[in-house]
Amino acid sequence: MKHGAQRDLLLVRGGTVVTGQASLRVDVLCGGVGEILAVGPELEAPTACTVIDAGGLLVLPGGVDPHTGIGADEAGFAATAEALAGGTTTIIDVMRPEGRDVARAGRDWRHAAARAPVDVGLCMGLPGAGGAVMGGMDTLAGLGVNSFHLPMASGMADRDILDLATHAAGLGALCVIEAQNAQAMAYLRTALDHAGVSGAEACALACPPAIEAEAVGRAIMLAGLVGAPVHVGPVSTAGACAAIITARAQAQRVQAHVLAPHLVLDEAVYDADDPSPYLSRPPFRDGTHRRALWGALSCGAVGMVASGFSPARQAGHGMAEGLAERMRVVWRHGVQAGVLTAEEFVRATAEAAAMAFNIYPRKGAIMPGADADLVLWNPDAQALRPASAGGLYGGIMLGGQPECVIRGGVVVFRNGALHEGTGPGAYVPCPAFRPGLSARMRQAARLSV
């Protein structure tokens, strides 16, 4: 059972359903244990069925955020109610073991994630290679974990990446590599400290674009040597986008994500009176890189947009806010600006991430059998976030707006407010990809290198 209990029937009528492939004027019937029962034009409302009028609205699949960094933090998961308010119903969260063995870290994460009002999947961070870590990977793969986070940016050695990528591929799992050159960053940081540069500008100076471009290229090369698929990100530079496009053109299995703030903010944020919300890795870049990110997003080379949300105490690994704004940023500066179509928006905010972590079509789709995660979206809404509001999006225009959010067949957000009594979401097992990924596929990846 997907959500553990039988749901009342719910019919969403009169809206325009938008998927990653097409937009259609059809109705959606939800029920069962939280799944979509039927999709079609002018569906009849069954007896004792609640009808929601979606006239004038788009009906989108619930957003899938491919990268948050909450970990075993109950308060952090409780804060994901903001994601519902922004149209995101599922997150893939990275858990960093921080000295624990990975199997125990997975149990701690499950306990904390039970507080989340959104559905949650797990990407487990790995501290290094070795028999104990690989044994933990085997255990987690059997519990619905099909992705592992390799922190190249924190100094993980190339040999460890090769060993872990090989083992993950054998499990039918994906390696997500945070690709930055740790040694170069440490060298530059030391030089900046000696020069007395310790303000916000040091965040960008310690991680120039060339460092990311090199690391992304190296991560892709390492994965190709062992025939493993790879996911890199977050990416923030034109050089990283070029490396991804080149690898994909050579038939290598590469995917990537960008953080929503990197699509609309540049290095000028470090001049703010309070630059603390922007002290993250990777840093914010100039407009040249921002335009490259939009180009890579529109052509699918960078397939998905993440919030990068991480509680404040984990600052440096992500953003301490932004769950509610992720989809609205992409709609305003992508769709309303003429860069993306509505269908491409759905791919970037829901479908691509669901496919990447092998939970499509349970997530990211509107079809019978899929989870009944729906967003009734006002496509014309626009709102300027006041600069006085501060934070990541102070002074930024946002577009589109969820009028109603349905998670697992139950209305959880409507008329600008969360419904009282909104229960917790569900754990989403991410099944392994084809066992072994097939020897022929892995050999083809090696040959592409």
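Reader: Which residue in strand 11 is the bridge partner of Gly125?
Author: His149 is the bridge partner of Gly125. This is a predicted model, numbered from 1 along each chain as its sequence is written; local features need pLDDT of at least 70 and side-chain atom pairs 80 or more, while totals for chains, interfaces and linings use all residues. Side-chain values use heavy atoms, without hydrogens or water.

Reader: Ok. How many bridges join strand 10 to strand 11?
Author: Two bridges join strand 10 (residues 119-125) to strand 11 (residues 147-150). The two strands run parallel. Strands here are DSSP runs of E, at least two residues, and helices are runs of H or I, at least four, numbered from the N terminus.

Reader: And what order do the strands take in the open sheet?
Author: The order is 8-9-10-11-12-13-14-15, eight strands with parallel pairing (pairing takes at least two DSSP bridges). Strand 8 and strand 15 (304-306) are the edges, each pairing on one side only. On average, neighbouring strands of this sheet are turned by 30 degrees against each other, direction ignored.

Reader: Which strands does helix 5 touch?
Author: Helix 5 (residues 158-171) packs on the sheet against strand 11 and strand 12 (174-177), with heavy atoms within 4.5 Å counting as contact. The direction of helix 5 makes about 145 degrees with that of strand 12 (angles run from 0 to 180 degrees between N-to-C directions, axes being fitted to C-alpha atoms, for helices over the stretch in contact).

Reader: What about helix 8, which strands does that one touch?
Author: Helix 8 (residues 209-225) also packs on the sheet, touching strand 12, strand 13 (230-232) and strand 14 (254-259). Its direction makes about 170 degrees with that of strand 13.

Reader: Switching topic: at what angle do helix 11 and helix 12 pack?
Author: About 145 degrees, and the axes of helix 11 (residues 326-335) and helix 12 (residues 342-356) are 10 Å apart.

Reader: Which residues meet there?
Author: From helix 11 come Arg326, Met327, Val330, Trp331 and Val335, and they meet Ala342, Phe345, Ala348 and Thr349 of helix 12. That contact divides into seven nonpolar, one polar and one charged residue (Ala, Val, Leu, Ile, Met, Phe, Trp, Tyr, Cys and Pro are nonpolar, Asp, Glu, Lys and Arg charged, the others polar).

Reader: Now pockets. How much space lies in the largest pocket?
Author: About 550 Å³. On a 1 Å grid over protein atoms alone, a pocket is an open set of points with protein on both sides within 12 Å along at least five of seven lines; a cavity is a set where a 1.4 Å probe fits but cannot get out, and lining residues have an atom within 4 Å of a point. Volumes are the space filled by probe spheres on points joined across faces, edges and corners.

Reader: What lines that pocket?
Author: The lining has 27 residues, and Arg248, Gln255, Met304, Ala352 and Met355 lie nearest the centre. Helix 12 gives the largest share, seven residues. By class, the lining has 16 nonpolar, six polar and five charged residues.

Reader: And the second largest pocket, which residues lie nearest its centre?
Author: Arg189, Cys203, Ala206, Ser280 and Arg281, out of 13 lining residues. That pocket holds about 250 Å³, and helix 6 (residues 182-194) gives the largest share of its lining, three residues.

Reader: How many cavities of 30 Å³ or more?
Author: Three. The second largest cavity holds about 40 Å³, and among its lining residues are His67, Cys123, His231 and Phe357. Its lining has no charged residues.
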